[in-house]
Amino acid sequence: MGAEALLVAAGCLWVALGAAGTDEPQVLSEVLFCQPDEPSLGLAVTLGTDQLFWFNFSGSSWMRHVPELPPEPPELEAPELVRKDAEFCQSLLVLLTNISSGKLAQARGIPVAKLFPLRPTALGEPNTLVCLVENISPPAVDITWRADDVPVTRGVTHSGYTATNGVTFTRFSYLRVTPGAGTTYSCVVTSPGLNSTTVAYWVAQETGDTETLWPALCGAAVALGTVLALMGIAMAVAAWRGRTGR
């Protein structure tokens, strides 16, 4: 990965609780990246592969990815300290770019998008479409929405970037909808640096009993993940304070 493309600083803070139904440990991580592309800075707190919080640099505040989480736990790094870390990252990026420019290849990934409803579909009832974009590298993609090939901007929100175990990132985009029969929604992912576009589609139709299992399992997993995350944060902070005597 070329230093001129991306610099990632990952801090694996604690090993928290095991994943539900498995013995695999879940690592609570805080990952900061800086790069020449937009966004030039990114910071997220994750439990395993699930994003818990991300930092809004323009507003200098933490944002929760899961609504059930507390808005801004005191255990999170203070905004002024985040700014100092970001300044150091950008300074280090400049230094490494000067050293490695033209000597190291840049890591690139073609994004993969999946589009699905947050809840089982009932025509005429409000719902939220979720666009999950994976294999992002560098973390600089534009996500837009269309309904029957007409651009949609109202009701759209985006998450920050979440680092994976490799050198790629994931990102979520959401669209609040009231689906009508046969309406085709699309999530369009554009990577300016790669000159590539990825599109995922979803067609509105009533969800039968056999089709509601997957969303139901997703909802249960999110709920369980939230509980584990809260417990993991509490246990980790208690352990840290015990070691430091605070």
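Me: What phi does G48 take in the hairpin of β3 and β4?
Reply: G48 takes a positive phi near 65°, and this hairpin has two residues between its strands. Strands and helices here are DSSP runs numbered from the N terminus: strands are E runs of at least two residues, and helices are H or I runs of at least four.

Me: What kind of model is this?
Reply: This is a predicted model, in which local features need pLDDT of at least 70 and side-chain atom pairs count only at pLDDT 80 or more, while totals for chains, interfaces and linings use all residues. Residues are numbered from 1 along each chain as its sequence is written, and side-chain values use heavy atoms, with hydrogens and water left out.

Me: Is β3 mostly covered or mostly open?
Reply: Strand β3 is mostly covered, since seven of its seven residues are buried. Buried means under 20% relative accessible area, exposed means over 50%, and partly exposed lies in between (1.4 Å probe, protein chains only). Both faces are covered: L41, L43, V45 and L47 are buried on one side, and G42, A44 and T46 on the other.

Me: And the chain overall, how many helices and strands?
Reply: The protein chain has two helices and 13 strands. Of its 246 residues, 41% are buried.

Me: Let us take helix α1. What span should it have?
Reply: Helix α1 covers residues 79-100, and its 22 residues should span 32 Å at 1.5 Å a residue. The expected span is 1.5 Å times one less than the number of residues. The end C-alpha atoms of α1 are 31 Å apart, which agrees.

Me: Which residues of α1 are buried?
Reply: The buried residues are V82, A86, C89, L93 and S100. They cover an arc of only 75° around the axis, so they lie on the same side of α1; the arc is that of the directions from the helix axis to the C-beta atoms. On the other side of α1, the exposed residues are E80, K84, E87, F88, V94, N98 and I99.

Me: What follows α1?
Reply: G102 follows α1, and its phi is positive, near 80°.

Me: New topic: sheets. What is the order of the sheet with β8 in it?
Reply: The order is β9-β8-β12-β13, an open sheet of four strands with antiparallel pairing. The edge strands β9 (150-152) and β13 (196-203) each have a single partner strand, so one side of each is left without a neighbour in the sheet. Neighbouring strands are turned by 30° against each other on average, direction ignored. Such angles run from 0 to 180 degrees between N-to-C directions, with axes as lines fitted to C-alpha atoms, for helices over the stretch in contact.

Me: How many bridges join β8 and β9?
Reply: Strand β8 (residues 142-147) and β9 pair over three bridges in the antiparallel sense. In this pair, R146 stands opposite P151 in β9.

Me: Which strands form the sheet with β6 in it?
Reply: That open sheet has four strands in the order β6-β7-β11-β10, again with antiparallel pairing. Its edge strands, β6 (112-117) and β10 (156-163), each pair on one side only. Inside the sheet, β7 (residues 127-136) and β11 (residues 169-177) pair over eight bridges, and the bridge partner of I136 in β11 is F169.

Me: What does T170 touch?
Reply: T170, found in strand β11, is buried at 12% relative accessible area. Leaving out residues up to four places away in sequence, T170 touches V133, E134, I136, G160, Y161, T162 and T164; contact means heavy atoms within 4.5 Å.

Me: Last topic: how many salt bridges are there?
Reply: The count comes to two salt bridges, each being a side-chain nitrogen of Lys or Arg within 4 Å of a carboxyl oxygen of Asp or Glu. K114 and E134 form one of them, at 3.5 Å from N to O. That pair links distant parts of the chain, 20 residues apart, with K114 in β6 and E134 in β7.

Me: Where does R146 come in?
Reply: R146 forms a salt bridge with D149, with the closest N and O atoms 3.7 Å apart. D149 is exposed at 60% relative accessible area, whereas R146 is partly exposed at 28%.

How values were computed
Two strands pair if DSSP finds at least two bridges between them.
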